[in-house]
Amino acid sequence: MDKGHSKTVKQSLHYIERNLTEKITLKEISHHSKFSSHHFYRIFYAAVGKTVADYVRRRRLAKAASELIYSEKRILDIALEYHFQSQEAFTRAFKKVYRLTPGQYRTYSRELVKGEKTMTTETTLKGWMVTGQNSGEYEVTVDKSEVHMGKASARLSSAAARNGGFATLMQMFSAEVYLGKRLKLTAFVKAQKVKGWAGLWMRVDHANGEMLKFDNMQQRSITGTSDWNQYEVILDIPQESHSIAFGILLSGTGTTWVDEFRFEVVDTKTPTTDDGPENTLPLAPVNLDFEEY
C-alpha cells in the first residue's frame, strides 16, 4: 500500500471513530477520501482486513460492551445509540462476537473487571514481557474498559517518568517462516496526554545478536491525545535473520492503549518504513575545510 492510500485509511478510521453513534455509510466515507466507493472498499479491506461495514459494526459492539460494564444505561438505549434496529438485533450481533447476551456480559464482566491484571517485568501477560529504562515507573495493565475490538486491550502508562525513561510491551519469535519476505506489522493504538512519544516497533536480528533491520516510528511518532487508529511498521526480513521482536513503546509520560496486532507478508511494491542501511557511506568526502557548519 502506498503512502497516499495509508493516509486515506488513517483519515477514514479517524472519521469512523468520531462518528460511531452517527450514521456511517461507505459512500459517505469514500466521498471524504476522494476515491470511488469501489476503489475505497478495496483499499480499506487490504489495510484493515475487514470491510467498512464489518469494521464499523465491530467497533460499535466494542464500545457497547464497555458501556454495559461502566454505565447504567439500559441495554435497549445502548443498542439504539450504536445503530442496532432493536434490542433483539443487538443481542444477536453481540452474542455472535462475545458468546454471551448483553445482560450476561454486563453481570459477569462487572465481577471480572474488579480483578484487573497488572503486568510487570516479572509477571506478564502470556507471551509478553515488559522492559525498558526506568520501566518500574510504568504500569502495564489489561484494560477491559477501553478496547478497540474484543474484550481487552493492553494499556501502557506513566504519570511521572524521569527524563529519558521509557517502557515497552514486547515479544519475540522465530524469523524462519518469513525469510526473504517483506513483513508488515499493524496494530490499533489510542493515546492520551503523551508527553514524549509512542510508537509501534519491530526489530530483526541475526543469530549472533546483530541488528539487521529496525523501525520504531520515532520519525512519525504518536504524541498528545488521539483516538484509536491503525499504525504500521514494514521491514524486509533478510535470509540470514534469526529472530523478530516487536511491540509498543512509550517514552516519557502519558497513556497508550494497543489492540489487534497483525502480521502480513506484502509485496515489494509496498515501501518499507525503515530508513535503509545505517552504514551507507557517502560517495566522496565532504567539508574538508570545515567551512560548512
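This briefing looks at the salt bridges in the structure above. The model is a predicted one, and 13 salt bridges are found in it. As background, side chains of opposite charge can pair when their charged atoms come close. Here are some of the pairs to look for as you explore.

**Arg59 and Glu17: a link between two helices**
- Arg59 pairs with Glu17 in a salt bridge, and their closest N and O atoms are 2.4 Å apart.
- This pair connects distant parts of the chain, with Arg59 in helix H4 (residues 52-70) and Glu17 in helix H1 (residues 3-18), 42 residues apart.
- Arg59 is buried, at a relative accessible area of 0%.
- Glu17 is buried too, with a value of 11%.

**Lys190 and Glu146: a link between a strand and a loop**
- Lys190 and Glu146 form a salt bridge whose closest N and O atoms are 3.0 Å apart.
- Because Lys190 sits in strand S6 (residues 182-206) and Glu146 in the loop between strand S3 (139-143) and strand S4 (153-158), the pair ties together parts 44 residues apart in sequence.
- Lys190 is buried, with a relative accessible area of 16%, and Glu146 is buried as well, with 14%.

- Arg203 makes a salt bridge with Asp205, with 2.6 Å between the closest N and O atoms.
- Arg203 is partly exposed, at 27% relative accessibility, whereas Asp205 is buried, with a relative accessible area of 10%.

**Glu67, Lys73 and Glu81: a network**
- Salt bridges also join Glu67, Lys73 and Glu81 into a network.

Notes:
Residues are numbered from 1 along each chain as its sequence is written. This is a predicted model: local features need pLDDT of at least 70, side-chain atom pairs count only at pLDDT 80 or more; totals for chains, interfaces and linings use all residues. Side-chain values use heavy atoms; hydrogens and water are left out. A salt bridge is a side-chain nitrogen of Lys or Arg within 4 Å of a carboxyl oxygen of Asp or Glu. Helices (H or I, at least four residues) and strands (E, at least two) are DSSP runs, numbered from the N terminus. Buried means under 20% relative accessible area, exposed over 50%, partly exposed in between (1.4 Å probe, protein chains only).
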